[in-house]
Amino acid sequence: MKKVLILSFVLVSAVASAQTTNYQVHSLFVLNIAKYSEWPTADAEFHIVVFGKSKMYDELTKLTTGKNINGHTIKVSQIENVTDIGNANIVFLADGKSGNLDEIVKATEGKSIMVIAEREGLFKKGAGFSFMLTENNTLRYDINNAALAKRNIKVSKNLANLANSVI
Amino acid sequence: MMLKKFAGTCAILLLLTPFTSFSQDLDSLLNLSAFTAESELQKALNKGTTVSSSKALTLRETPGIISVMSSEEIQNTGARDLTDVLRLIPGFDIAQDLQFVQGVSLRGNWSNEGKVLVMMDGQPFNELLYQTVAVGNRFPVDAIERIEIIRGPGSAIYGGSAEYGVINIITKAAESLNGVEVYGMGGFHAGAVGRTNAGLMFAKRSDKFAFDASVFKGKGIVSDQAFDEFALSEVTNSDPMNLNVGLRVGGLAFRAMYDEYETSDPYQFITYNNFYSDLRYTWKASSKLSIIPQLKYYNQVPWRWGDAESGELEFESRATRMHSQLEAVYDISRKVNVNAGILYFSDQATDLLESDMYQGENTFELNNFAVFAQGLIKHRLFNATVGFRYEKSNRYDAAFVPRLAFTKKIENFHFKALYSQAFRAPSIQNINLARTGTIKPEKSNVFEFEFGYQFTPEMLLAVNAYSLTTRDILTYGSEGEGSEFVEWYENATKMGTRGIELIYNIRQKGWYANFSYSFSQAIGGDETVETYIVPQTTKQYTGMLAHKLTLNSSFAITKGLSFNPSFIYGGKRYAFTEVDADGVGIANELDSYLLANVFVNYRNLLPGLTAGLGVYDILDAQPELPQAYNGGYMPIPGRSREYVVKLSYKLDFKK
């Protein structure tokens, strides 16, 4: 029995360490997007919500512990239901939950909530930002400025200049 | 590697600081990889290859069942020639055609005659008369940068000589060398010198200009054993010579190659003389569109053979090819790529012995026209490849072969689902010797599925299953002797194999091991071609392996010194090894064998100097090479244990 347990532990840790998506980099992008964007109102706490189970939550939590953005302390949470979005500043939509985009966009309409989608191309379907993978495996993002403007969120020129595309 | 990891860590640490200091430069984010660091194995797996697609894809996503062997791996094995490398690749084996000429089999099928395309620096080694490729002590194995092998059909891309597979050899001089390299090797049996080969490469390259020139020459024997009353070390030879020159200026590239190979059995000599030239221009019409016109000219005297004792020639024919091609590659978007092309070639054969062997004439002409196209769509869920090739000849029916492939790597898992039709285009002699006066292209249907999983960054397990069915097989036959001798080609009905191949690769710091198992089973039924049938079993064709296990490993003892054992286990084979009183072939079982080899390699013994010492076939198993069909030739006796010494020196130019 002990042998089996040891073996399964080895396999689990091995799986975890194989070459996979590096969510630390995704997290850095999200935090920089937050830093170079402006929300119309500001609470003391800057709230980032990860929608769907994703390693992104762990990475964001690790990176933001004890840190702040533009003077605001950062809170990170993970949710599974649209009703739990509340007054988040950013909703990060995990790839596996991409099908919930429409629902999220509708539920947050008129609110200053930025939706950042992990899956490529979703900026065309209402997300404010969506990520894309380049040929050499680095990360870029596309911006839907119209969707962000409707939510009274402004992105800096720096951020827009480095985007793959802006609509 | 350590330095790179450290640099990556520094970059991430620097990026973390801005959330407190807000002095972040956004640009630096754009250089970070979206994936965790690559292991050494992943670096090899993630390298892009274009051998089975027009746009580079990683080995786990390319639409083909692929093996790649790097110069480092080839050097570590101490491979004596290409046959040693191919034996380590799943599905491949070596057998005898006739007259002690050796060729390849793949996935349990004799594949020497136009079924596996062999290219070196883009030049096809399948000769124009029969489309065969003689292997043995022929290719400059120490000059190889990389061998890319498609273990499945390649006709939709490469045409009528790639029905079962493709072997793409890329030399160091043509690819990576920027300097001078000289190499030499010797192979010694207890009672005979097995081979002495040497070569010299020179290359100078920059972004816009590259020039390379290399020469390779060798001397060897086919076997050191006895055959009838002959000592084969005294009456056989296996002597290669290759001159290879390449020039690239901007988009214009030219390559010329001259290759000579001479081999023999105790009674006859056989020589191959091949000249290749290849001129192509890659015109970047826009950032998305490239147009590539190509002109090629080949001039060969293949399968020239005669009496070893008197020197009298029995067969000498020149074959030439003029080939023109226009291809376009267009990136419709970042995720959609298409390429399409059109080509025309004209083959001409001339009987140099003036015996009017070409249907009563001295010359023979064959003209072919082909169009081909391929599209690649990279979707979130899969990469899809769709392609076809249509080839029309003035001598035989048209062939149309479509191809469809779905592949994807999802985190640690990957899959490939491939369907391809493939064809073997009749060559000059197939048409000339057509028994009924006409001959058709043979056609194959091939289904392949591969699943792979990376348990750790250093470990990959991949398993594939295939089903290969060939119809209208171009089959050689002969009867009679002397002036009564008659030979022919005809389309036989059906044959093929089903099988699985398993690969397990592990690469850790300081050592690696590549294990493979391949299994093939002949499809049964009464339609199978008679010459490939043995009475003992319907599951294996004549001379073919059903089971093969390989282990290729390397252990670093110091930074430069490595100990490299490799093993090849071949299961039972059945082949015609003797004839009865009436001259009818008798099939016998050939025992399974284990080839155990070890090579000790010392890189940079002195700056640029590499030396190696090894033993091939330590157990002296001496597996014989039977004829791959019932053609009346006895097996080539397997060579005995061979001690190998290798030496190379490389001087890099300053950049």
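**A walk through chain B**

Of the 655 residues in chain B, 47% are buried, meaning that 20 or more other C-beta atoms, placed from the backbone, lie within 10 Å of a residue's own. Keep in mind that this is a predicted model, where local features need pLDDT of at least 70, side-chain atom pairs count only at pLDDT 80 or more, and totals for chains, interfaces and linings use all residues. Residues are numbered from 1 along each chain as its sequence is written, while chains are lettered from A and ligands numbered from 1 in the order in which they are written.

Now the overall build. Chain B holds 38 strands and 9 helices; these are DSSP runs numbered from the N terminus, with helices being H or I of at least four residues and strands E of at least two. The C-alpha trace spans about 95 × 55 × 45 Å along its principal axes.

Next, some backbone angles. Most residues other than glycine have a negative phi. Asp121(B), not a glycine, has a positive phi of about 50°. Asp121(B) sits in the loop between strand 7 (116–120) and strand 8 (123–124), and counts as buried because it has 20 C-beta neighbours inside 10 Å.

Trp303(B) also shows a positive phi, near 50°, but its place is in strand 20 (residues 289–307). With 21 other C-beta atoms within 10 Å, Trp303(B) is buried.

Conventions
A residue is buried if 20 or more other C-beta atoms lie within 10 Å of its own, exposed if 12 or fewer, and partly exposed in between; C-beta atoms are placed from the backbone.
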